[in-house]
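Work through the exercises below with the sequence and the model side by side, and try each task before you read its solution.

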Amino acid sequence: MRSTNNKKVSLKKSVGLCTVYGGYNYGSSLQAFALLTVLGDLGFDVRLLSTKGSLLRGRDVRWQKFLWLFISAFIDRVAFINYIRVHTRSLKKTLTGETKNMFLSFESHSLTPLKLRKRQLRALGELDEYVAFICGSDQIWKVNSPYINPMFFLRFAPKFKRIAYAPSFGGSSPLDMNKKRVAKYIKEINFLSVREESGKELISLLTARNAKVVLDPTLLLDSSTWQGMLSQVDTPPQKDYVLLYFLDAPSEEVIQKISAIRDRYDYSFVCVRYNHFKFAGYVEYIDAGPMEFVSLVSNSKLVVTDSYHGMLFSINLEIPFNIFSRQYGSSSEQSARIVNFLSEIDEIRRLDPEEISLEPITVRLKLEQMRECSIQFLKKSLESKS
């Protein structure tokens, strides 16, 4: 049973959601899907909103973004170079055409974004039928990036309609060029929450406001709800397997730890999304869209990953997991959100473990308590608009 099946707070009033959902990223797609599902369960006609004009299908690449990055190169050259390096690295990662098609199919059938021009977005914000607009979750408030997207601060909508649900800053050190603008944007959001304690601290520093820490949307749906959605998904490999899911190539140390699992257990190894080549010879690479990814996690004996959402789904579905720090220059910033959550559930030992563990963890009661508090924040915020 879904944890969100409480009394409806409204009857088919409209809500707009602004969040990251592209980039062929499981976490981004699934957190958007989860929040759409929860808002629908609360009785709203909810639409995922996006701006037209991307130059690359499946990614947010627009001329306006290029123009702002060009300007920022003269303001903070180091930040500009770091941004280009990280995003160039991301674009170079190879995905099969089949995997991309599965993501695009999920977007079309399960997310159904409403893509608008900026003037159309502003007009939508003024419509009486739209009682609220929500920004979040994922790393939509990237204060350490040269480019700040005003849409993710709901600048197109009247102040009284703005709600922030679980946005993440993607780092704890805002660029000087962003501090004043981000502080102004956050001050003008009526109901304010964040995904990490570090985000709460940053908001307090920038604005002197207090933000509530809430769950990532994927955790608002309990394990039985996710399991119930998998009936139409292709069956994963009919064998005992370890799921490898790395957004960046793992270090040689991590490879050795994975090899130790091979030596001790008679498990197959399955890898999704990126072929990092270091696994060549003993790993089966599988094409998977977002829901296929959930199925692969749910049916695995162990998940080994460097992904925040790979970790969250393992915890929610009660699958043994081990998570390792990302292997690039901003890995400390990427690991902050992982540390935040593992500390919250007293499982920090799962990050960069000395030896990979096959011991499952059960934090169901803790998650239920956190889930209820998070849903109550959403309900209270939306009730004020209805």
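**Exercise 1.** In which loop does Lys 52 lie?

*Solution.* The model is a predicted one, in which local features need pLDDT of at least 70 and side-chain atom pairs count only at pLDDT 80 or more, while totals for chains, interfaces and linings use all residues. Residues are numbered from 1 along each chain as its sequence is written, and side-chain values use heavy atoms, with hydrogens and water left out. Lys 52 is found in the loop between strand S2 (44-51) and helix H2 (63-75), where helices (H or I, at least four residues) and strands (E, at least two) are DSSP runs numbered from the N terminus.

**Exercise 2.** Decide whether Arg 195 and Asp 216 are buried or exposed, and find what joins their side chains.

*Solution.* Begin with the cut-offs: buried means under 20% relative accessible area, exposed over 50%, and partly exposed in between (1.4 Å probe, protein chains only). Arg 195 counts as buried because its relative accessibility is 5%, and Asp 216 counts as buried because its value is 1%. Next, look for a salt bridge, that is, a side-chain nitrogen of Lys or Arg within 4 Å of a carboxyl oxygen of Asp or Glu. The side chains of Arg 195 and Asp 216 meet in such a bridge, at 3.2 Å from N to O. Arg 195 lies in the loop between strand S6 (191-194) and helix H7 (197-207), and Asp 216 in the loop between S7 and helix H8 (223-228), so the pair ties together parts that are 21 residues apart in sequence.
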